[in-house]
Amino acid sequence: VSRSHRGSTAMVNEDAGANWSAGMGSGFLFVPLLVLCPAICQLLAFITTDDRVTPTLTGFWEFCSKEGAAGCAAAALTRSPLDSRPWIFLALFCLLARLLDVLPAPEKCGPVTATGHVPRYLDNGILHCVLFSMVFGGLSDLGLGLYDFGIIYDIFGPLISALNLFGLVFCLFLYVKGLNFPSTKDCGSSGSFMLDYYWGTELYPKILGIDVKRFVNCRFSMTFWMLAGLSFTYKSYKLHGALDYGLLLSAVSQYLYLVKFFAWEIGYMRSIDIIVDRAGFYETWGCLVWVPAMYTLHTRTCVRSPTGLSPQAAGAIFVVGMAGVLLNFWADKQREWFREADGKIKIWGKAPRFVEATYTIVDGGKRVEKKSLLLASGFWGVARHFHYFFELTAAWSWCLLANPLVNGVLPLSYAIFLTILLFDRAKRDEGKCLKKYGKDYQKYAEMVKYLIIPGVY
């Protein structure tokens, strides 16, 4: 317990998000995850980009059977992280992201933390999205010709190796920083190095004025994902001399989904992912490495193994996916508009039902009571996490556009992972909200009975 107060005035185990949350878990799975997750990312990069392997699980098995231990070692190592190309790419990518990060825009605030800190952000997400896309395309062989637009695929293997190395070291740096040089009082230790490394020691770290969470989660991770599908589509076209309609529409749908994300970026910075989860391996390494490796897997698979979908079949799946994207955006904005109007707004033409929930923060050593409005109308009256259903609809459509009948189950990995993640996250969110709001959240759960799927779950 004594270590838990290092660098923090927050109260241990009692104030959610302040210092240490019991909901973070006991840690018995952390060591396997710290080993397996980086190895899985290396393996997925190898299978999908190495010309020696057919980009399917069967193809990988055949490769390992033929090459034996040497083949497995090659898969584990992928390519050297010392290759200069990915480091140059990452440096320029992050430099551009940083330049766009400070573009003038209205300032928005995140929720006040348990120690009274108020995060502040420039609301320039859409501007970043548009300008980054223009610069990335304009400098490529689609414009000035400084590099091939398919560069993300060309360097993907060593890029994941570089990101893995950087991500693991960076999380160690964040661990040390949170204990010794925290940016806010929302910091401290659980008493276990493994737990602290995995979950993080600081809620809102800043480095040279850069908000680490926003920069890594949004300006790097989501931007990379947004452009990767288009880069892979271009690479596929150059390889095969024809458009792959499944790959193209999957890439376009994901690009539009992420345009939606940047339009809602401030809403994301107010979400429970940001206001509760710290910047550690789970969140920071996950956005630096897991997102590029797993979230682009279905489109990356199709570069060397075309989907073969007709325009009609691909178009039908695309429409279903876009419906999920748009409904997800509508649901997120509905709650955002409701909270910005302090509940004084109509939802679907009617006065909204909601619960005025109270919670306590620690400000200047004193407990201060705050309130939050929990919407129980519109999409949020159907299920407490109904927006997850729309997100899963979009995710499954992107993976189905990779045509698993041709490419096997590997392209479905992202959709399967996200389904598990969101169902687990919904349960964790329930625990966090019960801890924060207590009886008020129980009242809300009685008003909105279902968690994700109305009538089912």
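# Contacts between side chains

Arg 98 and Asp 101 sit 3 residues apart in helix 4 (residues 84-101), which means about one helical turn separates them. The two form a salt bridge, with their closest N and O atoms 3.0 Å apart. This is a predicted model, in which local features need pLDDT of at least 70 and side-chain atom pairs count only at pLDDT 80 or more, while totals for chains, interfaces and linings use all residues. Numbering runs from 1 along each chain as its sequence is written, and side-chain values use heavy atoms, with hydrogens and water left out.

## Salt bridges

A salt bridge here is a side-chain nitrogen of Lys or Arg within 4 Å of a carboxyl oxygen of Asp or Glu. By this rule the structure has 22 salt bridges. Helices are DSSP runs of H or I with at least four residues, and strands are E runs of at least two, numbered from the N terminus.

Asp 141 pairs with Lys 238, and their closest N and O atoms are 4.0 Å apart. Asp 141 lies in the loop between helix 5 and helix 6, and Lys 238 lies in helix 9, so this bridge ties together parts 97 residues apart in sequence. Lys 235 forms a salt bridge with Asp 154; here the closest N and O atoms are 2.8 Å apart. That pair also links distant parts of the chain, with Lys 235 in helix 9 and Asp 154 in helix 6, 81 residues apart. Shared partners join Arg 98, Asp 101, Arg 214, Arg 219 and Glu 265 into one network of salt bridges.

How accessible are the residues in these bridges? Buried means under 20% relative accessible area, exposed means over 50%, and partly exposed lies in between (1.4 Å probe, protein chains only). The table lists values for some of the partners.

| Residue | Relative accessible area | Class |
|---|---|---|
| Arg 98 | 25% | partly exposed |
| Asp 101 | 10% | buried |
| Asp 141 | 31% | partly exposed |
| Lys 238 | 46% | partly exposed |
| Asp 154 | 32% | partly exposed |

Asp 244 lies in the loop between helix 9 and helix 10 (245-263). Asp 244 is buried but has no salt bridge. Which side chain of opposite charge is nearest to Asp 244? It is Arg 304, 12 Å away. For charge, Lys and Arg count as positive and Asp and Glu as negative; His and the chain ends are not counted. The Asp 244 side chain does make a polar contact with the side chain of Thr 307, at 2.5 Å. A polar contact is a pair of N or O atoms within 3.5 Å; within protein, one must be able to donate a hydrogen and the other to accept it, and residues adjacent in sequence count only if both atoms are side-chain atoms.

## Aromatic rings

There are 47 aromatic pairs in the structure. Phe 136 and Tyr 147 form a tilted pair because their ring centres are 5.8 Å apart and their planes stand at 45 degrees. This pair links distant parts of the chain: Phe 136 is in helix 5 (residues 125-138), and Tyr 147 is in the loop between helix 5 and helix 6 (151-154), 11 residues apart. Phe 136 is buried, at 5% relative accessibility. Tyr 147 is partly exposed, at 23%.

Trp 225 and Tyr 414 make an edge-to-face pair, with 6.0 Å from centre to centre and 65 degrees between the planes. Trp 225 belongs to helix 9 (residues 212-240) and Tyr 414 to helix 19 (residues 413-437), so the pair links distant parts of the chain, 189 residues apart. Trp 225 is buried, with a relative accessible area of 3%. Tyr 414 is buried too, at 1%.

Rings of Phe, Tyr and Trp (its six-membered ring) pair if their centres lie within 6.5 Å; planes under 30 degrees apart are stacked, over 60 edge-to-face, and the rest tilted. Ring pairs also build a cluster from Phe 89, Phe 93, Phe 132, Tyr 153, Phe 156, Phe 220, Phe 224 and Phe 232.

## Cysteines

How many disulfides does the structure hold? The count is 0, where a disulfide is a pair of cysteine sulfur atoms within 2.5 Å. For Cys 287, the nearest cysteine sulfur belongs to Cys 218 and is 7.9 Å away. Cys 287 is buried, at 11% relative accessibility. For Cys 302, the nearest cysteine sulfur is that of Cys 399, 9.6 Å away. Cys 302 is buried as well, with a relative accessible area of 1%.
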